[in-house]
Amino acid sequence: MLLDRFPRVSLSHAPTPLEPLDRLRSAVGGPRLWIKRDDCTGLAQGGNKARKLEFLVADALAQGCDTLITPGAVQSNHVRMTAAAAARFGLKAHAVLERRVPDTDADYEENGNILLDDLFGCARSYVPGGSDVAAACAAVADDLRAKGAKPYVISGGGSNPVGALGYVACAVELLDQASQLGITVTRVVHGTGSSGTQAGLVAGFAALRSPVEVFGVSVRHPREKQEGMVYDLACRTADHLGHGGTVQRERVFADDGYVGPGYGQPTRGMVDAVTLLARTEGILLDPVYSGKAMAGMIDHIRRGTFGENEDVVFLHTGGSTSLFGYKHLFLGAPDQDVARLRP
């Protein structure tokens, strides 16, 4: 009922699985571990953006738009999925790609998500790192309007009150699955970047009066900035839902200790975490978001942050396609020794 009045298209295979991570828990100890498989949403190899795009594409169609414009880093999962969603509904797509990651190689520039963007027919332009990507998208939209198109601009990561509704829906879905399994989820851990996933979860749990804590692991910004972004968007999303005033600032948390040198730049902990999950559970993470988030969760388990009797859910936001843009990090990866695992 929370979402019935909002236009929505079907892009995701929901509900996504909620599975135990028993072998990972055997390796690292700590609480009962679960994984919410939003890498299995189905659209264009899966990922969290499918949920957001269900509401964003519906809004674009309702406005009679024919072209989706969105920004992202060169290996953007969001751009890849936006391009696929556009193809699904007969729309055009244009990506404004920010060169956010320094010292890249040919794989990063031509493989992974970039390869799939081309397959989905997505036009693209590039801007230097640190550019005002919103202004760049607006300029593209102006140019397309002058040529007779009707563009719809989607903010980075689909992170606005419309897109965040996708993770309000996920909050509802997760609580229903937990009830069916007879477990009480205490925390949801995930990588937080453009803030829409975390903001939607926070707003959704608040609207449902659920005590589940959302534990964000920042992949880009310092804690103060990341938490401020999430809180602002969570409040605006709650207002959009008709549940204004329900989001409490103390319910917003983002740990910035696992970013490393910067967005999209590898850390030893990320490489170890990606390899460990692959070899214990047969699940692929990505180097930019979920890999760093998993490194953060494992480190917090080892530090005793979570109680052994908790049920902690790791939200897998997808993105393993970008592994092909970082393949040099994983070729010949050694067998994992949990004692080596570190941020």
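**Tour: salt bridges and a helix crossing**

The count of salt bridges comes to 20, a salt bridge being a side-chain nitrogen of Lys or Arg within 4 Å of a carboxyl oxygen of Asp or Glu. This is a predicted model, in which local features need pLDDT of at least 70 and side-chain atom pairs count only at pLDDT 80 or more, while totals for chains, interfaces and linings use all residues. Residues are numbered from 1 along each chain as its sequence is written, and side-chain values use heavy atoms, with hydrogens and water left out.

**Stop 1: strands 1 and 2**

Select glutamate 19 and arginine 37. They form a salt bridge whose closest N and O atoms are 3.1 Å apart. Glutamate 19 is in strand 1 (residues 18-20) and arginine 37 in strand 2 (residues 32-37), 18 residues apart; helices (H or I, at least four residues) and strands (E, at least two) are DSSP runs, numbered from the N terminus. Glutamate 19 is partly exposed because its relative accessibility is 29%, whereas arginine 37, at 13%, counts as buried. Buried means under 20% relative accessible area, exposed over 50%, and partly exposed in between (1.4 Å probe, protein chains only).

**Stop 2: strand 2 to helix 7**

Next, select lysine 36 and glutamate 173. Their closest N and O atoms are 2.5 Å apart in a salt bridge. Lysine 36 lies in strand 2 and glutamate 173 in helix 7, so the pair ties together parts 137 residues apart in sequence. Both glutamate 173 and lysine 36 are buried.

**Stop 3**

Select glutamate 227 and arginine 249, a salt bridge with its closest N and O atoms 2.9 Å apart. Glutamate 227 lies in helix 9 (residues 223-241) and arginine 249 in the loop between helix 9 and strand 9 (252-255), so the pair ties together parts 22 residues apart in sequence. Glutamate 227 is buried, with a relative accessible area of 6%; arginine 249, at 33%, counts as partly exposed.

**Stop 4: helices 7 and 8**

Finally, show helix 7 (residues 165-181) and helix 8 (residues 196-207), whose axes come within 7 Å and cross at roughly 55°. Axes are lines fitted to C-alpha atoms, for helices over the stretch in contact, and angles run from 0 to 180 degrees between N-to-C directions. Helix 7 is therefore oblique to helix 8; angles under 35 degrees count as roughly parallel, over 145 as roughly antiparallel, 65 to 115 as roughly perpendicular and the rest as oblique.
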